[in-house]
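Please view the sequence and the structure first.

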Number of protein chains: 2
Amino acid sequence: MAQTMPNFLRKRAYLTPERPAISYFNQQLSFRELYDRSLQVAGSLAALGVKKRSLTGVLVKNSLESAVFLYALQLLGSTAVMLNNRLSAAELSFQLSDAKAEFLIYEHTFKDLAYEASGKVSKVKMFPLEDLAGGDVTDVPIEQELSLDDVCTIMYTSGTTGNPKGVLQTYGNHFWSASASALNLGLSQDDTWLCSVPIFHISGFSILMRSVIYGMHIVLHSHFDAKKSLEDIEAKKVTIMSVVGTTLTRIVDELGDGRLPEHFRCMLLGGGPAPLPLLEACRSRNIPVFQTYGMTETASQSVTLAPEYSLEKLGSAGKPLFPVSLKIELQDGREAAEGEAGEILLKGPNVTPGYLNRPEETAKKIVDGWLHTGDIGFLDEEGFLYVLDRRSDLIISGGENIYPAEIESVLLSHPGVKEAGVTGLPNSEWGQVPAAFVVLVEEAGPSADELRHYCQEKLAKYKVPREFYFAKELPRNASNKLLRRKLAELIEEAGK
Amino acid sequence: MAQTMPNFLRKRAYLTPERPAISYFNQQLSFRELYDRSLQVAGSLAALGVKKRSLTGVLVKNSLESAVFLYALQLLGSTAVMLNNRLSAAELSFQLSDAKAEFLIYEHTFKDLAYEASGKVSKVKMFPLEDLAGGDVTDVPIEQELSLDDVCTIMYTSGTTGNPKGVLQTYGNHFWSASASALNLGLSQDDTWLCSVPIFHISGFSILMRSVIYGMHIVLHSHFDAKKSLEDIEAKKVTIMSVVGTTLTRIVDELGDGRLPEHFRCMLLGGGPAPLPLLEACRSRNIPVFQTYGMTETASQSVTLAPEYSLEKLGSAGKPLFPVSLKIELQDGREAAEGEAGEILLKGPNVTPGYLNRPEETAKKIVDGWLHTGDIGFLDEEGFLYVLDRRSDLIISGGENIYPAEIESVLLSHPGVKEAGVTGLPNSEWGQVPAAFVVLVEEAGPSADELRHYCQEKLAKYKVPREFYFAKELPRNASNKLLRRKLAELIEEAGK
């Protein structure tokens, strides 16, 4: 029998109704108010036919209404298919169709995108988020109890194949992630977490979950803004904030010679290894940076540098959280020795049960409970993890994951393109930006502008290569596998 | 597949090796030292034949060696049968034999008791705790991973039938209990928990578990001493302490007009409802009392009064911890309304899977995941629990549970006794003490002294009735069920 638990938000509103739950601009809701508002939205959703286990596409941005709506789905036990609002209509269409989403709830500014995306998906029922407030709260079929095995959210990620896959995240994954994080970071009644990362990503969504599980106040921002972040850290007594390298850099710049207030205790840094100069800049400004390593498949942070080692082990992602196991596997399947690099494997109750409707890919990726992350790293003599390379030549641009294979498959679908390779180039603003290397079918083939336009039609803006380079051939190994890491070497020899 | 996790102590020693783990008198061990010492003891135990799933009787008192030994059992995955060192040889013998314990490890001061107890149990292998230090640490078969369904400890409790039953406590029960408690009480790197409650009880054992799960320093005392407690709260920066009514009273007395230091943040009060005058005395001295309700079957606290309500809801045990569900059931099986008293039912991942080798009693006591506590209580209009009567007319004397039925069955085994009833009488020092009411077969039957002596042979000292009253008949209801709560009314009419 799967473990059950009381419905998270309902239980939290019963436990600590008066505590502040969420602030957004000048609005603030207590947990009781958050529950009451979510119940109304749940009433509207139920009237539309949304029910337990309904797959509901979610195309929203960070806002109070979006948060309330996401909690409403949990009250009904409906599974949220979290859509990245920066994706193209074609990409969204693929995800909606792959998930067989029954509903699509969109924020009004995404109306055109939503209609374009859903046009190719049969039978998806669409409703604007703004119409859901003020529903009837009598007889709403609230799930009093939830099974920890029930799927709370689905988030799509790509991989080596280029085909985005829906990662299943159960209530158990989210609960374990939250409690594992609390065991590492500690937990106080005075904690307030600033969320300016997207709530459609696990980085932001996990903060919404922590709010109800911890009974913790969160300050939600519509988007990241360094100045506004510093203002709210001061004014709203923020103690913890989630950042990626690029946003932390902007905070440091904005702070100048200033200091964060004493009550601020944790800058949780995810989204790839941070450059040492940034970490040193934080150290000299007394910003308590906790480097973490995690992914959609582990319902957020899995490895974190414990407070007492944040200085001594600069650059390390730390050690796996209490319930999580980690090992480094060599190509031949043996476990790596100290200092030896290999693939990072993770195991624990926060690890996804797998990919939606993809038993084969699940079986390949999760073996005996061990998630094969595809990332490369090593453990030092004390067991601290150093991440060397992100999975599958992953490009991380301003905190967004970009999978080269996905862009390559778009380029290859162009009739004039014979071969395509994508890699990340260093960029001072975004960390990395994607660049494409193309071999044409005929020399007089499409221009860079034509290819750019072609990509813009099919890909999210941030995935469109900044530069297009044309080459006679791409670097490949003996078995003809593309060597993406050698692409950059072509720049000098290739004509732009 | 059952959820697995890294071995708790091993993982903790890897995560935060330098943090202080446990202090005992003037000794202190870091988590690395605790692991190294436990590994040695595990080596000795393995050499004696103790292995995964071995049932090992544990007859110890609070000491550093005992704690190290209990962690050593967990390294091997052996199940500890926790024996109350205040029990009589006959009682211990019953538990060892009922559990089919393969080993009995005893602290040297309990040697005679251990031998007397084990004399009647065939094949139990006995070893003194003191011989286990300094074992060979090469090739100790450490369980790298544990299943949350594996049984970590067995603790005996009695019930209405008078027959003690072994409560199974899994690693999952302990982990969930610890994390649920942290979600309620918060958790800080500066926390230090003072443990002067017995580690063979869940109240003390749960503190050992929290130490490794949280990475938290604990200060272990051999026994409760008010003066020493206050000294260590100051000197060792204790922030949390577990108490029962009688020990809290002594602390308040010892404190006089004094105050606890600012860093002390939580006096966790278990072991039955506390008298209002005590709670008020604490309030006036600024002692932050958190009333809790829990039991062996729930791996300690299940219901706790959240900090913000500690004054407003004086006398309430609070609300169920985040992962725990609670309901009040009437005799006809319906759920009680607000303010209506009935049996307290609990459900959650900290609830025992059942009683050792007693499927029928398990099925009776745990229905659809709901534990029938036997305790009576009600929920007020905001859902706060008030416990009215402890289960099965339970007597709580200085934090020890005493089940009347157990004493009654001893008395009834005396040939001169026809009927026997036991109840608790108020006592200023212990809260309650047991008193016996007896109907003799013949008027010239055994005297009070004879019966006292008879009980002393078979029962732990604290269970032996303080007073014996003789009566012509005992109060019973229409179906002839003994009405223990009416026994005290006999005192005036009965001759002593």
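Predicted model: local features only at pLDDT ≥ 70, side-chain atom pairs only at ≥ 80, totals over all residues.

## Domains of chain A

Chain A is split into domain 1, residues 4-385, and domain 2, residues 396-493. Their C-alpha centres are 29 Å apart. The contact between them involves 20 residues of domain 1 of chain A and 17 residues of domain 2 of chain A.

## The interface between the domains

Together, domain 1 of chain A and domain 2 of chain A bury about 1400 Å², and carbon and sulfur atoms carry 52% of this area. On the side of domain 1 of chain A, the residues that lose the most area to domain 2 of chain A are A:Arg86, A:Glu91 and A:Thr246, which together make up 34% of what that side buries.

A:Glu91 also takes part in a salt bridge, its side chain meeting that of A:Lys463 at 2.7 Å, N to O. In total the rule finds two salt bridges across the interface of domain 1 of chain A and domain 2 of chain A. Two elements give two or more residues to the side of domain 1 of chain A that touches domain 2 of chain A: helix H4 (89-99) and helix H9 (245-255) of chain A. By class, that side of domain 1 of chain A has twelve polar, five nonpolar and three charged residues.

## Relation of the two chains

Chain B is superposed on chain A by a rotation of 180° with 0.0 Å of shift along the axis, and the RMSD is 0.1 Å. The two copies are thus related as by a two-fold rotation axis. Within chain B, the residue that comes closest to this axis is B:Leu187, with its C-alpha at 2.5 Å. Both copies use the same surface, as 100% of the contact residues of chain B recur in chain A.

## The interface between the chains

Chain B and chain A each bring 41 residues to the contact. The area buried between chain B and chain A is about 3500 Å², with 59% of it from carbon and sulfur atoms. B:Tyr14, B:Leu183 and B:Phe322 provide 22% of the area that chain B buries against chain A, more than any other three residues.

Across the interface of chain B and chain A the rule finds two salt bridges. The side chains of B:Lys347 and A:Glu145 form a salt bridge at 2.8 Å, N to O. Polar contacts between chain B and chain A come to 16 residue pairs, both residues being at pLDDT 80 or more. The elements of chain B that each supply at least two residues to the side touching chain A include strand E1 (4-6), helix H1 (8-15), helix H6 (171-185), helix H7 (202-214) and strand E17 (319-320). That side of chain B has 23 nonpolar residues, nine polar and nine charged.

## Salt bridges in the whole structure

Over all chains the structure holds 44 salt bridges. A further pair to inspect lies in chain A, where the side chains of A:Lys125 and A:Glu102 meet in a salt bridge at 3.8 Å, N to O. This pair links distant parts of the chain, 23 residues apart. A:Lys125 is in strand E7 (residues 125-128) of chain A, while A:Glu102 is in the loop between H4 and strand E6 (103-106) of chain A.

Definitions and conventions. Residues numbered from 1 in each chain as written. Chains lettered and ligands numbered in written order. Heavy atoms only, no water. Domains from an automatic or database assignment. Contact = heavy atoms within 4.5 Å. Buried area = accessible area lost by both parts, 1.4 Å probe. Salt bridge = Lys/Arg side-chain N within 4 Å of Asp/Glu carboxyl O. Helix = DSSP H or I, 4+ residues; strand = E, 2+ residues; numbered from the N terminus. Nonpolar A, V, L, I, M, F, W, Y, C, P; charged D, E, K, R; others polar. Least-squares fit on C-alpha atoms with pLDDT ≥ 70 in both. Polar contact = N/O pair within 3.5 Å; in protein donor to acceptor, adjacent residues only side chain to side chain.
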